[in-house]
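Visitor: Please show me the structure, and then I will ask about it.

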Amino acid sequence: MDKKYRKYFRDRLCKDGETLKQYRKLFDAKRTPEEKRKEFRKNYKRLLEELMRLEGFKSENNCKCLLQYSPECDINSGITIDHIIPLSSNKINKEVRHIKAKNGKKVETESLGSNDLSNLIICCKNCNFAKKHIILDAKEMKNVLKRKNRVEKRNSK
Ligand SMILES: [Zn+2]
């Protein structure tokens with residue numbers, strides 16, 4: 001991970017004295033987004049079950065959206081899994097490296113997030129669709145991680 005890139009995530013994850021190392025499981029920049037997407041699809045059912053168990057949801061009918069990102073947040077839109085750090089994004093190339101799109105081509109995406117359970121969160125389809133490849137700002141990131149840790153802690157007692 002280069003310096004600027006580390007700073008970008010440190011600004012989002014480490015405002016309260018955390019280290020990036022604590023969050024290393026959220027990242028998997030070594031594999032391509034395609035490889036990770038394939039693995040995610042293949043393991044989707046198991047990951048959803050494990051997340052539901054971690055987060056204390058007995059069945060799909062009592063799941064809550066832990067992302068709460070969209071104004072149209074509604075669990076009845078369907079249940080899905082969001083990657084807190086997206087599997088890939090071109091945001092860093094755009095915002096940190098200031099790479100501009102050329103000849104109508106999109107700015108290249110970068111492999112970022114992992115399929116680790118710590119990077120996954122149960123959410124509604126409306127929120128998942130609204131967030132897409134967006135990287136949350138520091139405040140949103142904290143809120144989501146807090147919400148996730150709170151339900152996981154409560155459930156492990
Ligand atoms: Zn939602």
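The questions go from the whole chain to a single residue.

Guide: This is a predicted model, in which local features need pLDDT of at least 70, side-chain atom pairs count only at pLDDT 80 or more, and totals for chains, interfaces and linings use all residues. Residues are numbered from 1 along each chain as its sequence is written.

Visitor: In what order do the elements of the protein run from the N terminus on?
Guide: Helices (H or I, at least four residues) and strands (E, at least two) are DSSP runs, numbered from the N terminus. The protein has five helices and four strands. Their order is α-α-β-β-α-β-β-α-α.

Visitor: What is the radius of gyration of the protein?
Guide: The radius is taken over C-alpha atoms, and the globule rule is 2.2 Å times the number of residues to the power 0.38. For 157 residues that rule gives 15 Å, and the protein comes close to this, so it is as compact as a globular protein of that length. Its radius of gyration is 16 Å.

Visitor: Is Asp 74 buried, exposed or partly exposed?
Guide: Asp 74 sits in the loop between helix H2 (33-55) and strand E1 (79-83). A residue is buried if 20 or more other C-beta atoms, placed from the backbone, lie within 10 Å of its own, exposed if 12 or fewer, and partly exposed in between. Because Asp 74 has 13 C-beta neighbours inside 10 Å, it counts as partly exposed.

Visitor: Which residues does Asp 74 touch, not counting residues up to four places away in sequence?
Guide: Contact requires C-beta atoms, placed from the backbone, to lie within 7 Å. By that rule, Asp 74 touches Cys 124 and Asn 126.

Key
Contact = placed C-beta atoms within 7 Å.
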